[in-house]
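Have the coordinates open in your viewer and follow along.

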Amino acid sequence: MGGGRDFTGQTIYKRVNGRYIRQVPYKKDILQISSLEITDSYKVDTSKKQITINNISKTKNFSQLESELEKTFGYVEITQQLRKYGNFELVKSGMVAVERMTKLFPMLKNSGLIMRMDGGSREAISGIDFDNNLHFYYNFFKKDNPESIFGNGKYHPKNFSYEQVIAHELGHKLELIFLQKVYPKVTDRQLKALFQTHEGFTYISKVMYQKLYNKGYRGHATEMMKAVSGYAKKNWAEFGAEAIGDVYSNGSKASSVSQLFVLTLLEEFDKLNN
Ligand SMILES: [Zn+2]
């Protein structure tokens, strides 16, 4: 992309043949453009009213939680370490995301999960890996008030919660499922390589960017990423997972970029099924 226009409307300068030339600010911002696009075709209703949370919120211990999760995910294992050191109520609050996410993205059903407690880094809360392990990091659970780190809305989308964290991780799972559908014949090793280069969400993001381009957007991809969250700038895999977390928590009040990403993801899944 040639540099130049900035959708925030700030005047910026572009270097041309050794001279700086003032650029005309780009008037229409990315959010307005994508809002126009999604009001017509955006069909996912993520409001909490629409999705009743029945079973998981009623569970009282890890064994009950495990058997409820198995109804959705097939085989589920909650490791002894997680049972011993995990804060049950906190884990359960995250698992509510499993029910809601599976209603939004039915392709998550029967994917099987192993939930385990690990050391983790100082900042990380959780993670998911290629072998379906959902990692709960001990350092986070060890904090006196772990949920106090949520809610500033800068590094992560607004209304950040443990639920949103798990929705984010399941977003990565969707990326893997998408890749498996696009490349049904590759080996596990090749698939892992594709996943590690974030091919799945890179693909969706390119389709999404093209939609915005067709509407007149000429900004940089990083500006598009920033409209979702600070962390979304890290790479396309995090961009996608953050957009999913944003739509999960904020529904139609999520960043329009996040909503357009989710819409595009669902459309691309539909294409693969037809
Ligand atoms: Zn992530």
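How close do the axes of helix α4 (residues 88-104) and helix α6 (residues 162-182) come, and at what angle do they cross? They come within 7 Å and cross at roughly 50 degrees. Axes here are lines fitted to C-alpha atoms, for helices over the stretch in contact, with angles running from 0 to 180 degrees between N-to-C directions. That angle makes α4 oblique to α6; under 35 degrees counts as roughly parallel, over 145 as roughly antiparallel, 65 to 115 as roughly perpendicular, and the rest as oblique. The crossing is right-handed, where right-handed means the near helix is turned clockwise from the far one by less than a right angle, and left-handed means anticlockwise.

Before going on, some housekeeping. Keep in mind that this is a predicted model: local features need pLDDT of at least 70 and side-chain atom pairs count only at pLDDT 80 or more, while totals for chains, interfaces and linings use all residues. Residues are numbered from 1 along each chain as its sequence is written. Helices (H or I, at least four residues) and strands (E, at least two) are DSSP runs numbered from the N terminus.

Back to the helix pair. On the α4 side, L90, S93, G94, M95, V96, A97, V98 and M101 meet Y162, E163, V165, I166, A167 and L170 of α6; a contact means C-beta atoms, placed from the backbone, within 7 Å. Sort those residues and you get eleven nonpolar, two polar and one charged. In this scheme Ala, Val, Leu, Ile, Met, Phe, Trp, Tyr, Cys and Pro are nonpolar, Asp, Glu, Lys and Arg are charged, and the others, Gly among them, are polar.

Now zoom out. The protein comes to eleven helices and six strands, and 36% of its 274 residues count as buried. Buried means 20 or more other C-beta atoms within 10 Å of a residue's own, exposed means 12 or fewer, and partly exposed is in between, with C-beta atoms placed from the backbone. Among contacts between residues at least 6 apart in sequence, 63% join residues at least 24 apart.

Next comes the sheet. Four strands form an open sheet in the order β3-β4-β6-β5, with mixed pairing. β3 and β5 stand at the edges with a single partner strand each, so one side of each has no neighbour in the sheet. On average, neighbouring strands are turned by 20 degrees against each other, direction ignored. Two strands count as paired if DSSP finds at least two bridges between them. β3 (residues 76-78) runs parallel to β4 with three bridges, and E77 has I114 as its bridge partner in β4. β4 in turn runs parallel to β6 over five bridges, with M117 opposite F136. The β5 and β6 pair is antiparallel, with three bridges, and there I128 stands opposite L134.

α2 (residues 62-73) lies across β3 and β4, at about 155 degrees to β3, while α6 lies across β5 and β6, at about 20 degrees to β5.

If you like checking backbone torsions, look at two loops. N132, in the loop between β5 (126-128) and β6 (133-137), has a positive phi of about 70 degrees although it is not a glycine. N159, between α5 (138-141) and α6, also isn't glycine and has a positive phi near 60 degrees. N132 is partly exposed, with 17 other C-beta atoms within 10 Å, and N159 counts as partly exposed with 18.

Finally, follow α6 to another partner. It packs with α10 (residues 236-250) at about 130 degrees, axes 8 Å apart, which makes the two oblique. The residues of this contact divide into five nonpolar, seven polar and two charged. In α11 (residues 256-273) you'll find F261, buried with 29 C-beta neighbours inside 10 Å. F261 touches I204, M208, G240 and A243, not counting residues up to four places away in sequence.

Key
Two residues are in contact if their C-beta atoms, placed from the backbone, lie within 7 Å.
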